[in-house]
Amino acid sequence: SGNQGCHVYNLRFVTCITSGNQGCHVYNPGFLRFVRVLCGMSSDERKAFLQFTTGCSTLPPGGLANLHPRLTVVRKVDATDASYPSVNTCVHYLKLPEYSSEEIMRERLLAATMEKGFHLN
């Protein structure tokens, strides 16, 4: 099921992420929506997400807490529901639009993780 391993992507996940300083904080509704979307991903979808954000499909030994640099999530400025997230894999930096629903966020995030190349950046 999509929730297998969900414990890795909830409270621990939130505490291991640097939220950034552009309006995407741990208790921000958009950030919590992001965590719920990740929590609902299948194992393969999570691997694709990790590949998209870090350039690697697996976490280091010890999990997300040992990812260096830590994953930083910031709000993508001037983005709409039609926009896609973008990343800088070298520094594990995810720019995420403030989507209006979890469904749209999930759709855009999964579409972005399936793309190969740099044209979405």
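Trainee: Which pattern does the protein follow when read along the sequence?

Mentor: This is a predicted model, in which local features need pLDDT of at least 70, side-chain atom pairs count only at pLDDT 80 or more, and totals for chains, interfaces and linings use all residues. Residues are numbered from 1 along each chain as its sequence is written, and side-chain values use heavy atoms, with hydrogens and water left out. Helices (H or I, at least four residues) and strands (E, at least two) are DSSP runs numbered from the N terminus. The protein has four helices and three strands, and the pattern is α-α-α-β-β-β-α.

Trainee: How many of the eleven residues of α2 are buried?

Mentor: Buried means under 20% relative accessible area, exposed over 50% and partly exposed in between, with a 1.4 Å probe and protein chains only. Among the buried residues of α2 are F31, F34, V35 and L38. Helix α2 is largely enclosed by the rest of the structure, because the number of its residues that are buried is eight of the eleven.

Trainee: Which residues in α4 do G30, R33, F34, R36 and V37 in α2 meet?

Mentor: Contact means heavy atoms within 4.5 Å. By that criterion, the five α2 residues G30, R33, F34, R36 and V37 meet, in α4, E102, M105, R106 and L109.

Trainee: Where is C90, at which UniProt places the feature "active site"?

Mentor: The annotation comes from an unreviewed UniProt entry; UniProt positions are given in the numbering used here, feature names are shortened, and annotations may be inferred rather than shown by experiment. C90 is exposed, with a relative accessible area of 66%. Its place is the loop between β2 (86-88) and β3 (93-96).

Trainee: Is H92 buried or exposed?

Mentor: H92 is found in the loop between β2 and β3, and has a positive phi of about 55 degrees although it is not a glycine. With a relative accessible area of 7%, H92 is buried.
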